[in-house]
Structure formats: C-alpha cells, structure tokens
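Here is a brief report on selected local features of one protein model. Start with the sequence and the 3D view.

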Amino acid sequence: MGLIHVLPDLLVNRIAAGEVIERPASVVKELLENSIDAEATRIEVAIEDGGRRLVRVTDNGTGMGEDDVALAVVPHATSKIEREEDLFAIGTMGFRGEALASIAAVSDLRLVSRRADSDAGHEIRACGDKVEGPKAAGAPVGTTVEVRDLFFNVPARRKFLRTAQTEFGHIVEQVARVALAHPRVEFRLTHDGREIHRLPPTESLRERISDFYGAELAEALIPIQRTERGAVLTGLVSPPAQSRSTNRWEYTFLNGRFIRDKFIAHAVREAYRGLIDPQRHPVTFLMLRIEPADVDVNVHPTKIEVRWRDSNLIHSLVLAAMRDTFLQHDLTPPLATPAPRDEDAEQRRQKIRQAMADFFKSHQPPANQGSLPFAGSRPSAGGAASGRDPSMRVPDPGFPVRGSGAFVARAKEDAEKRSRAEAQSTTSACPPVRVSPRSSSSAQSEIRGPQSAPPDPDAADLAAAFRADRVLQIHASYLVAETPEGMVIIDQHALHERIMYEQLHDQLSRGPLESQRLLLPETVEISPEQMGVLEVHADLLRRLGLELTAFGPGTVAVHACPSLLRGPSVPSFVRDLIEKLSQQSGRSEPEAMLQEILAMTACKAAIKAGDPLSPEEIVALLAQAERVEKSTNCPHGRPTSLRLTVADLERQFKRT
Ligand code: ADP
Ligand code: MG
C-alpha cells in the first residue's frame, strides 16, 4: 500500500480554518463581511471574554431560506460565484464559501436566519463535524450567527490566544475596517455587555471617523480625490503635524475591503517625504474604486493582499492625489513645524480649554491620588460620543469625572491643597526643561527644576574641561568640540536622549518617576477600548509619574506627567504611550516594554535637532554626558558622537 492517503473532510476543514481563522477577530471579520454582502444596514456585534466565550453578529440583511441555511455551513458552498469567470468580477466581500464551515470546524456555531418573504426563520447548529438542523425557529428578518468556545477542539490555538483585552483590541480593529469602509451601515459593538461603539449611519467618511476616533482627528484631515484611467481615489489624509508612531493608521480600502498594499504604502511614504519625520507615519483613509477585472483579490487567504493588473497606475494615482492636495494646502513646512490648524478645530480646542480651566478651578482633584479612577466613572460611549454635533463633545464643566458626589464631599478639604498645589505648579508646570548650567550641574537638579539645587562643584569642573568658546554648534543640531586626542562631533538630540534615558532609569530604580502637576490638564482623545488598556496598565502609568482621568467619552485628562517632559510634548507622549501599550499588551515582556517606554520618554524629553543652544547650554550638556555611562549610543542604538583623533585627521589629509 502506498503512503499517500486523502485526508478526511474534518481534518481538511481544520487545516483550512487554520488559515482563515487565526483568532476571535478573524471570526468577527468573516461574519461582518457576510452581513455586508447580505446588504445589511444595521449590524450588532456582541463579544464576551475577548471573543473566546462568544462572538455574536446580528444583521438585518437579506437572510436565508431553509435550504440555504443548511448549505451555508458546508465547505465551498457559496451564493456569490458560480463559474471561473466570476473570479475576475468579484463584487462581494466573500466568494470562497469557506468561512462559516471553517468557523464551525473549530467552534460551536449557531446560525438563525429569516428572509423578508418568509414568516418563519430557520436555525442550524454546527460544532466540529456534527450538524443539527435546520429546524424552524422564531427570528426577525436577517441573520444571527453565534460562535461559542472558539478553538475548544484545537488546544494549541486556544493556548495561543492573548488576554481578553488584547483579543478585543484586534476585534475593534476588524470592526473599524468594515465600519470605515461602509459608513452608511449602522454598527454597535459591545464587550461583556458594555457598549464600546455605536456608529450611526452616515453618508460621510469624516463623520464615521469622528464617531470612531474622535472629532479632533477627523476635523484635522484633508480630503483628497483623483481619477485616472477608470481608477477612482477619494479619501482623507492627515496634515503632517498629525503624524503617529506606527503605520497602523494608514488605512486603504479597495472596493470596500480593507487591504494592505506595498505599492500604496510606498506612494504614501513618498508623498509625505520631507513633511514628516522619517520615523513617523501619517494617518490616511484611502478609498480606492477600480474595475474588479483590474485586480486579483484571490491571492491571499484573508484577501488582505491583492495583485494589481497595473501597479504603476495605482502608485501614481495615490502619489499624485496626495501631492496635489499638499501643494494646494501649502503643507510644505520644514520638519516638525506645526501645520496650519483648522479654524473650527482651534475654536473647539479653546472651548475645551476654557471648560477645563473652569472645571478644574472648582474641582481640583486630590493631589496624591495614585490609582486610576477609570472603572465606574467612565460614561457610556454611546452618550455624547454618538452626538452628531462635534461641539457636543465639549465636556460639561460640571461633569463628575471621578465619580459623582466625591467632589462635593472633598471640595472643602481640597480648597486648601489646591492653593498649595497651584502655588507650586506655577513654578513647575512643564517648564521648558532645557540644559542650563545650573539645572544640569547634577542629574537630580535638572529633574527638580532650575531653582532647587545648588551648583555641584564636581560638575562645574567637568564642564570647565570643555571650554564653551571651543565648542561649535552647527546646523542647530550637531556640536563640534576639541578633545585632548582630537575632536568629537556630537548629535545633540541623541546625546541628550541618552542622558535622559539614564536619568529615567536611575529614578525608576528608586521608585516612581518624579512627576509634575500640570497647571491646566491637557486632554488627549483616545478610543474607548484604549481606556481599557489604561485600566490594565494603571500601575505602570503610576510608576511613570502619569496621572490620567477619564474626561468624557473618548477623552482623558492628563493631570501630571514625568517632570522631565517638556510641555508641548505631553499630549503626543501620552498618545504614543497609549498606542504602544495597546499594541503590546500581552505580547512582550513587561520589562522589555518598560525599556521601550523609557526610551520613548527620553526621546520626547530631549532637546531636538534644530534647537539652537546657548554656549552655557552646550557646556552643561557636555558636562552631563561625562556623568553618564554608555553615553556613546542613544537608547535606540544610534551613536551619539563620532570621534576623530589627530592621527585620523592626519591620515585623512595625507600628512602621514
Ligand atoms: P462566502 O461568504 O465566501 O460565500 P461563507 O461561508 O462566509 O462563504 O458563507 C456561505 C454562504 O452563506 C454565503 O455565500 C451566503 O449565501 C450565506 N450567508 C452567510 N452569512 C450570511 C448572512 N449574514 N446573511 C445572508 N446570507 C449569509
Ligand atoms: Mg463569507
């Protein structure tokens, strides 16, 4: 007998399921795509325990009759294509007829469906290789698919799943991808009974973005539009000042489906080249429509990648659309200068600031409250978040952020503390932490602020070793200094970053980072699921010297931040930190994550390339460098300085 045998169907399905169903979020994606294909206008997604216990998607689409209910869970059974030619004219999200069968192979799946022309619904249950039904069942028009105990029969996969919070994060991302591509469809997402997103139907992509990510981002985006040889590109992209630390905000949708594409990513990078820091990424929502015949979507199991008939056309379409828009908007400021702000956004900002100023004047939170009062105090995301009018998001000054009642009771006691805190914060609220001779004479004095420590005689000696008049700053970025052996060229940002990093490390080994209260709290818009991330990492945030409170749906107020940070960098620091935490939760070692966060903090706190330094600041920076071990590399591993000995110079000039 030969060695080769045909695998049993169940095993084939399990293998297929492995490709398509990687985690609960994959189930959500497939079910949502089916609802969209069924022309639903309202879709509800209910998740329990990060999708491990339950994923339920309910739609008001066309529904299925009894025969179709029976076939829906059979492998390679689909209503979307019939013959091979159809593969080149795919107008639906699905076409392989594999999703429901794959999900059923690795879970306990129940599907109930009813067509509008039928007065009864039908139900089927499929679990592993067992199928029960279809049988008649009462149901509204449309389809509900319930997926319980995902991977109950694939322990290896189940073990691979991360925390509920992380899995839910992936689910939110999948919901975002479908919801952004289909603004006209109403969505509701709940996790363990809590409503996380409610997205009313809208004609406008901008409104959908606003409902999902907040008005601040949505209002800042610039529209783009271009048509070339039948390919139509529309969308919204960020002005350079709105850049992010990761590329996960670069969304591309092809004919209503989220895709990742290297040609488009390249075109986007090109378009922003010179406008944003090469390490940062823009926010883009690109909606591309092309003839289905001009693209092959059947090249990837989850259809996230496609093959273009003419990739040059796609590249040039995207690049030209963005370049033209940037030229029209005159968005060619040099690196890192803020782009002109939208007037409305600015007004709104003012309003929020005023509201916050009033609010915190009357409700100063207790100065030493360490824990994060998120749980319970968070208003439902369905409240003001779903308001159509962006001004609805301006927090009501009387809004009980920390849980009702508590403020009133504490008001008296706080009044005293407040006057003390205010007195203190006027001198220390995010001062521009600059290297200056006094503040940098020891690591400690810089942290405490300019006034608090006497000059350190040792450091003064060291500083004297570099004579200010022998150090030259060039291009406001590099320092050139004479050394006993020759000369050194220093990258001022990289060096200061290293120094900050070591100081942060040192502080953290002794306790929480030194923290300063902000005179006026900064607000940062984050997504509701990121609120969850903050809860999970409450302890870490406290160690970092951050004090955050929920401030209306999708907004946190920053009351205190690490003292080393400079004022303007606080919101972007908090945004990047939250981004980092939500990406990484559960994935990397806590210690490794902390290192990364310290490196990020150091980067934000450090002087930048392009900052002109006074002679005293230069000397102070060099003196600090002497006190720091490993000062030859920045925390990211780049060198901080290049040394040239006299011998090197002589060799270069061919004197030897
Ligand atoms: P595919 O989407 O690739 O066709 P699926 O396994 O996802 O494969 O679904 C199989 C079939 O079940 C679909 O072709 C469709 O006819 C039907 N179906 C699945 N979900 C729904 C739904 N929510 N509403 C109506 N019909 C559905
Ligand atoms: Mg499908």
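## Helix α7 and its ends

The model is predicted. Past the other end of the helix sits Gly214, which follows α7 and has a positive phi near 105 degrees.

Helix α7 covers residues 205-213, and seven of its nine residues are buried, so the rest of the structure largely encloses it. Leu205, Ile209, Phe212 and Tyr213 are among the buried residues. Arg208, Ser210 and Asp211 are buried as well.

## Packing of α6 and α16

Two packed helices are described by the angle between their axes and the distance between the axes. For α6 (residues 164-181) and α16 (residues 528-536), the angle is about 165 degrees and the axes lie 10 Å apart. Angles over 145 degrees count as roughly antiparallel, so α6 and α16 are roughly antiparallel to each other. The crossing of α6 past α16 is left-handed.

Which residues meet? From α6 come Gln165, Phe168 and Val172. From α16 come Glu529, Gly532, Val533 and Val536. By type, the contact residues of α6 with α16 are four nonpolar, two polar and one charged.

The loop between α16 and α17 (538-543) holds His537. Is His537 buried or exposed? Its relative accessibility is 11%, so His537 counts as buried; the cut-off for buried is under 20%.

Ser582 is 45 residues from His537 along the chain. The C-alpha atoms of His537 and Ser582 are 9.7 Å apart.

Technical notes:
Residues numbered from 1 in each chain as written. Chains lettered and ligands numbered in written order. Predicted model: local features only at pLDDT ≥ 70, side-chain atom pairs only at ≥ 80, totals over all residues. Heavy atoms only, no water. Axes fitted to C-alpha atoms, helices over the stretch in contact; angles between N-to-C directions. Helix = DSSP H or I, 4+ residues; strand = E, 2+ residues; numbered from the N terminus. Parallel < 35°, antiparallel > 145°, perpendicular 65-115°, else oblique. Left-handed = near helix turned anticlockwise from the far one by under 90°. Contact = heavy atoms within 4.5 Å. Nonpolar A, V, L, I, M, F, W, Y, C, P; charged D, E, K, R; others polar. Buried < 20%, exposed > 50% of the residue type's maximum accessible area, 1.4 Å probe, protein only.
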